[in-house]
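This report describes a protein model in terms of its ligand shell, its domains and its helix packing. The sequence and the structure are shown first.

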Amino acid sequence: MARFFGKPWLPLPQTSVPIQQVAIIGAGIAGASLAQELALAGLDILIFEQTLVPATGASGNLAGNCLPIIDQRPDNPYAQWHWLAWQHAVHWWQQQPNREQLGQLTGAAKWSTHAKTQAGWQAWASRYEDSLVQWMDALPLPHQPAGLWFPQGGSFYPRRIVQHLLTHSNIQLYTQTLISQLAHTGQYWQLSSSQGLFQADAVIIASGAQTSLTFPEWGSLLQLNKGQVSHLPATAWNSPPEFALSYGGYVATTPDGITCIGASFEQQAPLGLTDSAHLHNLALLNQAYPNALSSDTLPTQGHSAYRANTYDHLPLVGPVVDIEPYQAAIRARCHQPDTITDTSAHLLPQLWMSIGHGSHGLTSAFLAAQLIRQQLLNQPTELSLTLQQAVHPARAIFRQCCYPK
Ligand SMILES: Cc1cc2nc3c(=O)[nH]c(=O)nc-3n(C[C@H](O)[C@H](O)[C@H](O)COP(=O)(O)OP(=O)(O)OC[C@H]3O[C@@H](n4cnc5c(N)ncnc54)[C@H](O)[C@@H]3O)c2cc1C
């Protein structure tokens, strides 16, 4: 049975089959937040990671910023999703007993060197309470730029967060296990892997930038963009930053005193640390924050990974359709989508995904995990249908099919 509101070509199933065992493909922050969310709901979780340890891909950074996106269109789903995601991530962090080990959400400063951008941000901030965001004529930094202060913004430590999320007695982690194929037997999913066969009632794809390995059609909907952060010791600073900074680039400090500065955006670049990306990160910082560093020494350490972006910068979160029959069903009605009445037959049984978190996975992954838990267990959600359909994975197939280019 499916719900038919909003856009009927983006069906949301109502689960009627009991589910006990869920397999998750990928142990980055998207997979790990799902694992904990579902384990806490009493389900048994098998989570598969192809590498030796979890959080080696995009979630392998030591620290990253946990901040909302600034968007002047409050009713726009992009603005709504990322604002709610940030608030949800902050709430999650506040609930963790060992939160200091997982992040530092005790303030973040954001500024721009462009006067027009600053003016827009000031107007944007005036819509929210001071406890969420404040406009300041002089941020507490030596060069006192005007900008935004987020009292609950700050840094997350994704590697530590992933490790923490996977620590639950209902979660079984299989590392060095590449899932290569899925097949539904009519009753359950069978997963073929480099370590043999597994089975589960439901499967969630959380394979980030490596989605193409096993699901080439879904992977082809993601644009991969290399990012590199550079690591600086505390001694590299004239005065080490006491809170997270965002200025086009960002600064996030780890509990060990290492500051991560980043991040480069490189199209079609191979992975691996490069001096040019380190130089880019330093140049961004020097431009926005003059005399921050005590020397111009080039960093030698850092982390690089691919971000997996979607065309509309919203993640693909929700139930998965069988692409070919789905395309066949909608193709003839592309120009009158409102005449499409039922596409729920093309939903694959108990197959879900949370991919395409782009540059904002440290916030977006948590809201995605909650939404999938609610959809999978047929629980109420406070997210509007519009928002659920805005992140529905099939929207990207619909667009590719009906509006190519
Ligand atoms: C340099 C850089 C800086 C960033 N800074 C920030 C920031 O400051 N704030 C922020 O919010 N976001 C930031 N991001 C984005 C954020 O890190 C990502 O959105 C997030 O980590 C994506 O998580 P994920 O779990 O989807 O992907 P990943 O972390 O890449 O995890 C996917 C995992 O799936 C595994 N996998 C894939 N296929 C298979 C398979 N078939 N079988 C088994 N395992 C498989 C992979 O090995 C990988 O470990 C940054 C990203 C980069 C690259």
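Helices (H or I, at least four residues) and strands (E, at least two) are DSSP runs, numbered from the N terminus. The model is predicted: local features need pLDDT of at least 70, side-chain atom pairs count only at pLDDT 80 or more, and totals for chains, interfaces and linings use all residues. Residues are numbered from 1 along each chain as its sequence is written.

**Ligand shell**

The ligand is surrounded by 45 residues, the closest being Gly26, Gly28, Gly57, Gly208 and Gly361; a residue counts as near a molecule if its C-beta atom, placed from the backbone, lies within 6 Å of it. At least two shell residues come from each of α1 (29–40), β5 (64–66), β16 (223–232), β21 (301–309) and α8 (361–376). Helix α8 provides the largest share, 4 residues. By class, the shell holds 19 nonpolar, 24 polar and 2 charged residues, where Ala, Val, Leu, Ile, Met, Phe, Trp, Tyr, Cys and Pro count as nonpolar, Asp, Glu, Lys and Arg as charged, and the others, Gly among them, as polar.

**Domains**

The protein is divided into domain 1 (2–59 + 160–222 + 311–402) and domain 2 (60–70 + 105–155 + 223–306), with bounds that come from an automatic or database domain assignment. Each of domain 1 and domain 2 contributes at least three residues to the shell around the ligand. The C-alpha centres of domain 1 and domain 2 are 31 Å apart. Between them, 10 residues of domain 1 are in contact with 8 residues of domain 2, contact meaning that the C-beta atoms of two residues, placed from the backbone, lie within 7 Å. The side of domain 1 that touches domain 2 comprises 5 nonpolar, 5 polar and no charged residues.

**Helix packing**

Axes are lines fitted to C-alpha atoms, for helices over the stretch in contact, and angles run from 0 to 180 degrees between N-to-C directions.

| Helix pair | Axes come within | Crossing angle |
|---|---|---|
| α1 and α8 | 8 Å | roughly 40° |
| α2 (77–95) and α8 | 7 Å | roughly 85° |
| α7 (323–331) and α10 (394–402) | 10 Å | roughly 55° |

Angles under 35 degrees count as roughly parallel, over 145 as roughly antiparallel, 65 to 115 as roughly perpendicular and the rest as oblique. On this scale α7 is oblique to α10, α1 and α8 are oblique to each other, and α2 is roughly perpendicular to α8.

The crossing of α1 and α8 is right-handed; a crossing is left-handed if the near helix is turned anticlockwise from the far one by less than a right angle, and right-handed if clockwise. The residues of α1 in this contact include Ile29, Ala30 and Ser33, and those of α8 include Gly361, Leu362 and Ala365. The contact of α1 with α8 has 10 nonpolar, 3 polar and 2 charged residues.

In the contact of α2 with α8, His82, Leu84, Ala85, Trp86, His88, Ala89 and Trp92 in α2 meet Leu362, Thr363, Ser364, Phe366, Leu367 and Gln370 in α8. This contact of α2 with α8 divides into 8 nonpolar, 5 polar and no charged residues.

Helix α7 also passes α10 in a right-handed crossing. Here Ile323, Tyr326, Gln327, Ile330 and Arg331 in α7 meet Ala394, Ile397, Phe398, Cys401 and Cys402 in α10, a contact with 8 nonpolar, 1 polar and 1 charged residues.

**Backbone features**

Gly262 and Ala263 are joined by a cis peptide bond with omega of about -15°. Ala263 lies in the loop between β19 (259–262) and β20 (266–267). Ala55, although not a glycine, has a positive phi of about 55°, and Ala55 is found in the loop between β4 (44–48) and β5.
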